[in-house]
Amino acid sequence: MSISISFPNSSLSLSLSLPSSLPHALFPSPPSSMSLLRRLTPGNLRFNLRQRSGRFATAAAAAVRQDTAAWTQAPLAQVEPAAESLFHISIDVSDAPDLAASHTRAGQYLQLRVPDVEKPTFLAIASPPLLASAEGVFEFLVKSVEGSIAELLCGLKKGDVVQLSQVMGKGFDVDQIAPPQDYPTVFIFATGSGISPIRSLIESGFGASKRSDVRLYYGARNLKRMAYQDRFDEWESSGVKVVPVLSQPENDWTGESGYVQAAFTKAKKAFDPRSSGAILCGQKQMTEEVTSILVADGVSSEKILKNF
């Protein structure tokens with residue numbers, strides 16, 4: 001026997017299945033819908049309603065974020081190879097001063113839509129915030145992955161129009177490792193296209209020249225896949241020692257090999273964890289392992305900065 005109950009002004013319904021073999025003396029007639037409703041207490045319904053409302057709330061929030069995002073049309077100013085499978089993308093936002101002004105801290109990101117594709121992709125901004133306000137440009141380092149929106153973006157040309165959301169995220173909260181004299185040691189870790197927001201950080205300035213030991217461990221498969229090599233000298237002159245780490249180097253490579261976390265452990269010297277900080281961006285495994293190493297060494301988790 002099956003009984004279904006619908007609730008007025010609600011999508012919630014209740015279905016009860018009862019064994020057909022019950023003696024009629026024990027259950028002489030099916031109960032009415034109202035009698036069953038009287039037996040339902042808030043406790044009986046709490047679990048189902050919570051499950052349903054949780055799913056509905058999550059879906060609704062996602063839909064609201066998608067539907068209410070303020071999208072701005074902007075033309076591509078530059079699309080050029082930056083390294084193997086990596087592209088330098090520059091977008092002209094000079095006609096959108098509010099959008100340009102919303103980039104206030106290194107490590108922030110936004111959503112981008114390419115023509116004829118509804119689904120957006122998330123991109124960390126590679127350029128420092130001052131570039132947007134001074135020149136009206138956002139720059140990105142984009143990895144072209146087959147079948148992805150990023151691949152479509154990297155296939156566009158100068159002048160093609162894309163859509164941008166407002167800038168999002170808290171970025172790297174460098175106030176946590178300020179003033180520089182109190183945090184003279186800062187370790188920076190980046191892998192692959194994760195160097196993008198790190199470039200923004202370094203070129204924004206975070207007092208590197210006023211610190212005694214600032215090192216960037218930058219990991220890539222090989223030199224062909226390592227972007228921004230032309231900026232290394234500039235970064236070094238600003239006070240950041242660049243340590244390239246290659247996981248699959250050519251035979252003539254004499255620098256660090258393997259993964260950045262291993263290179264850091266190998267080169268690690270005594271430092272005061274109470275006056276040290278770190279900034280991480282890249283593969284999840286790398287960020288988790290580096291965080292564990294630093295915390296075990298006594299570095300406060302509040303001083304290990306991430307942009308997501």
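Leaving aside neighbours within four places in sequence, Ala190 is in contact (heavy atoms within 4.5 Å) with Ile195, Ile198, Leu216, Tyr217, Tyr218, Gly219, Val260, Cys281 and Met286. The model is predicted: local features need pLDDT of at least 70 and side-chain atom pairs pLDDT 80 or more, whereas totals for chains, interfaces and linings use all residues. Residues are numbered from 1 along each chain as its sequence is written, and side-chain values use heavy atoms, without hydrogens or water.

Ala190 belongs to strand S9 (residues 185-191). Strands (E, at least two residues) and helices (H or I, at least four) are DSSP runs, numbered from the N terminus. The relative accessible area of Ala190 is 0%, so the residue is buried. Buried means under 20% relative accessible area, with a 1.4 Å probe and protein chains only. Ala190 and Leu280 are separated by 90 residues in sequence, yet their C-alpha atoms are 6.1 Å apart.

Two of the contacts of Ala190, Ile195 and Ile198, are among the buried residues of H6. Because 8 of its 10 residues are buried, H6 is largely enclosed by the rest of the structure. Just after H6, Gly205 adopts a positive phi of about 90 degrees.

The largest pocket holds about 1000 Å³ of space. A pocket is an open set of points on a 1 Å grid over the protein atoms alone, where a 1.4 Å probe fits, with protein on both sides within 12 Å along at least five of seven lines; lining residues have an atom within 4 Å of a point. Of its 40 lining residues, Thr191, Gly192, Ser193, Gly194 and Gln283 are the closest to the centre. Elements giving two or more residues to the lining include helix H6 (195-204), strand S10 (213-220), helix H8 (260-267) and helix H9 (284-296). Strand S6 gives the most, with 4 residues. By class, the lining has 17 nonpolar, 18 polar and 5 charged residues; Gly counts as polar. Domain 1 (72-168) and domain 2 (174-306) each supply at least three lining residues.

Overall, the protein has 9 helices and 14 strands. Of its 308 residues, 42% are buried. Among contacts with a separation of 6 or more, 71% join residues 24 or more positions apart.

Key
Buried means under 20% relative accessible area, exposed over 50%, partly exposed in between (1.4 Å probe, protein chains only). Grid points are joined across faces, edges and corners, and a volume is the space filled by probe spheres set on the points. Domain bounds come from an automatic or database domain assignment.
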